[in-house]
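This report is written for a reader who meets the structure for the first time.

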Amino acid sequence: MKSEITIVIPTIPGRQKKLQQVLSSLAEQTVPKKTFKVIIVWDGEGNPPVFNFNSHLKCSVISFGKRRGQAAALNSGMDATRSKLCMFLDDDCVDRKSVV
């Protein structure tokens, strides 16, 4: 089943702890997890770190291998979206359980 919503989260080196908090808050959403997926866009040098995905979230990572900027990260995430809706979140945005 294709997800109805894709959540794109751009991030950079040094923000892994904040990103993990965002992923944890998404895992607590009140909507069924099968209705959304998460795309993390790693906008940094080298390979992205191993993220601790909640096993209930559908997540994927796009990596540039070098810094390209937030606009490029958002556009790449949106280009990878196959859902009807696309939602952007910052990597330090911890939301209430009904944001999706």
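Which backbone nitrogen lies 2.6 Å from a polar atom of the side chain of D43? The backbone nitrogen belongs to R68, and the pair falls under the definition of a polar contact, which is a pair of N or O atoms within 3.5 Å; within protein, one must be able to donate a hydrogen and the other to accept it, and residues adjacent in sequence count only if both atoms are side-chain atoms.

The model is predicted, so local features need pLDDT of at least 70 and side-chain atom pairs count only at pLDDT 80 or more, while totals for chains, interfaces and linings use all residues. Residues are numbered from 1 along each chain as its sequence is written, and side-chain values use heavy atoms, with hydrogens and water left out.

D43 has its place in strand β2; helices (H or I, at least four residues) and strands (E, at least two) are DSSP runs, numbered from the N terminus. D43 is buried, with a relative accessible area of 2%, where buried means under 20% relative accessible area, exposed over 50%, and partly exposed in between (1.4 Å probe, protein chains only). Leaving aside residues up to four places away in sequence, D43 touches T11, I12, P13, F64, K66, R67, R68, G69, Q70 and A73, contact being heavy atoms within 4.5 Å.

**The sheet**

Four strands form an open sheet in the order β3-β2-β1-β4, with parallel pairing; two strands pair if DSSP finds at least two bridges between them. β3 and β4 (85-88) stand at the edges with a single partner strand each, so one side of each has no neighbour in the sheet. From one strand to the next the twist averages 20°; axes are lines fitted to C-alpha atoms, for helices over the stretch in contact, and angles run from 0 to 180 degrees between N-to-C directions. Helix α1 packs on this sheet and touches β1, β2 and β3, its direction making about 175° with that of β2.

Seven bridges join β1 to the parallel strand β2, and in β2 the bridge partner of T11 is W42. Four bridges join β1 to β4, again running parallel, and in β4 the bridge partner of T6 is C86. Eight of the 10 residues of β2 are buried, so this strand is largely enclosed by the rest of the structure.

**Helix α2**

Within helix α2 (residues 70-79), the buried residues are A72, A73, S76 and G77. Seen down the axis of α2, these residues fall within an arc of 130°, so they line one face of the helix; the arc is that of the directions from the helix axis to the C-beta atoms. They pack against β1 (5-11), β2 (36-45) and β3 (59-65), whereas the face turned away from the buried side carries the exposed residues A71 and D79.

**The nonpolar cores**

A nonpolar core is a set of buried Ala, Val, Leu, Ile, Met, Phe, Trp, Tyr and Cys residues joined through side-chain atoms within 4.5 Å. The largest has 15 residues, and those with the most contacts inside it are I7, I9, L26, F36, V38 and L89. The elements giving two or more residues to this core are β1, α1 (16-27) and β2, and α1 gives the most, with five residues. Apart from this core lies another, of six residues, among them I39, V41, F64 and A73.

**Three further residues**

V38 is found in strand β2, T81 in the loop between α2 and β4, and R15 in the loop between β1 and α1. The table lists their accessibility and their contacts, not counting residues up to four places away in sequence.

| Residue | Relative accessible area | Touches |
|---|---|---|
| R15 | 24%, partly exposed | D91 and D92 |

Two separations complete the picture. The C-alpha atoms of V38 and Q70, which are 32 residues apart along the chain, are separated by 17 Å. For R15 and M78, 63 residues apart along the chain, the C-alpha atoms are separated by 21 Å.
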